[in-house]
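Grab your viewer and try each one before reading the solution.

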Amino acid sequence: TGFTGGGGGGGMGGAGGAGGDATAGARAFDMDTLMRILAEQKFTDEMIWQGHPDLFPILFQFRAELAAAVPPDTLCTVWFTLPTGNEGFREQCTAGTKAFRVRPHYLVRQVVDSICNRFGVLRPRRFVLQTEDGFTLKSSERFSTYGLGTLFGTWKLHVATRSRSEAHVREPPALEPPEPREHLVEFVLPPLVEFGGLQRKVLKVDVTKAVGAVVQAVCAKFGVAEPERFVLATTSCARQQVLLDSVVPLYFYGLGTKFKEKLQLKMLFRRLAASDDGLRPDDMYAHYRYVQLDTVRVDPEEARLIILYLDATLKDYHAKVKDEKRRRHQRQNTARRLQKQNRALQRQVHELQDELRRANAAAAGTAVAGTTTGA
């Protein structure tokens, strides 16, 4: 989809559609004075259309007048260039530009929210609107403040990511598989005959293998059957010992990546571990499981990034839940409305059936009376 407005066509001399009518209303606060001020400051049509940063301090002085000058029910066409990358916009709009009809009295944040909702993009507060010349529109201002509906009836803006917000919620780097891959693990063993009285055993383990595969390797080494009976847990943790996730690679817990020292783990019967109040199942986000171990020291900057990223992820989840509740509520309302319509139609059917029966009865009575009279 191409952008249909041009520099001169959408500037102060050529507002189209709703904007043309709005310009006539602007004379109530002496639009000529504003135009003269802009001309004295050497603003061209192109500079106004592209949203030169020096333009808006002048317009802000007339924000109330500009808002009052926009005729009621004015709708203006604004073309939005969507951000690139993995923001979710380009998945649904391959052209990268989308036109929306915007009322000049709308707040900037309302339109950003609407655009994000249209494309299913969460956390709309991450985004801002910018002019062609790079001026960022204030989210709490109305579009009329920037001249929409008076200076021009169509416009082109860019949806951009807030640079600061993007930095604050960026995902901390994922752990890369370490080299070398083998590191020392001290296993605290359960009391089984196969272990021959051993209580502890230090083994070199490939930390890129999943925790469940490590348990299988230990059991295979000592001839222990049914390795799925066992789980691994930490032996020391600040509050509770952590039950490791069997499908997660061991290096996710920091061994070989965050620390090189020997890691001590205890091998437990799964059935007994499930009823142990001192064990906490590992339910951390995969990349940051290492923060649960006492042996890992997380620097403040890394901790800040993890907290902010997980907080943003949680907000995304809550936004999805809220959106799903809204959709479910809409579906329920639609179902109730259809049920109500169905009941009304059923009543109409019953009424028509009653009328038909009465009409048939009346017709039958008339026929009998005619027969009697003839006789």
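**Exercise 1.** Which residues do ring pairs link into a cluster?

*Solution.* Keep in mind that this is a predicted model. Follow the ring pairs and you get a cluster of Phe56, Phe60, Phe135 and Tyr146. Now look at Phe60 again: the charged end of Arg63 sits over its ring, 5.2 Å from the centre. There's another case to find at Phe119, where the charged end of Arg118 sits over the ring at 5.1 Å from its centre.

**Exercise 2.** Classify the ring pair of Trp49 and Phe152.

*Solution.* Start with the distance: the ring centres are 6.2 Å apart, inside the 6.5 Å limit for a pair. Next, the angle: the planes meet at 85°, so this pair is edge-to-face. Then check where the partners sit: Trp49 belongs to helix 3, while Phe152 is in the loop between strand 3 and strand 4, 103 residues apart. Both Trp49 and Phe152 are buried. The structure holds ten aromatic pairs.

**Exercise 3.** Take apart the largest nonpolar core.

*Solution.* Begin with the members: there are 37 residues, and Phe80, Leu129, Leu137, Phe143 and Trp155 touch the most other members. Helix 6 (108-119) gives the largest share, six residues. Zoom in on Leu137 next: leaving out residues up to four places away in sequence, Leu137 touches Val108, Leu129, Thr131, Phe143, Tyr146, Trp155 and Leu157. Finally, look beyond this core: another one, of 35 residues, lies apart from it and includes Val211, Val215, Cys219 and Leu250.

Terms used: Residues are numbered from 1 along each chain as its sequence is written. This is a predicted model: local features need pLDDT of at least 70, side-chain atom pairs count only at pLDDT 80 or more; totals for chains, interfaces and linings use all residues. Side-chain values use heavy atoms; hydrogens and water are left out. A nonpolar core is a set of buried Ala, Val, Leu, Ile, Met, Phe, Trp, Tyr and Cys residues joined through side-chain atoms within 4.5 Å. Buried means under 20% relative accessible area, exposed over 50%, partly exposed in between (1.4 Å probe, protein chains only). Helices (H or I, at least four residues) and strands (E, at least two) are DSSP runs, numbered from the N terminus. Contact means heavy atoms within 4.5 Å. Rings of Phe, Tyr and Trp (its six-membered ring) pair if their centres lie within 6.5 Å; planes under 30 degrees apart count as stacked, over 60 as edge-to-face and the rest as tilted. A charge sits over a ring if NZ of Lys or CZ of Arg is within 6 Å of the ring centre and within 35 degrees of the ring normal.
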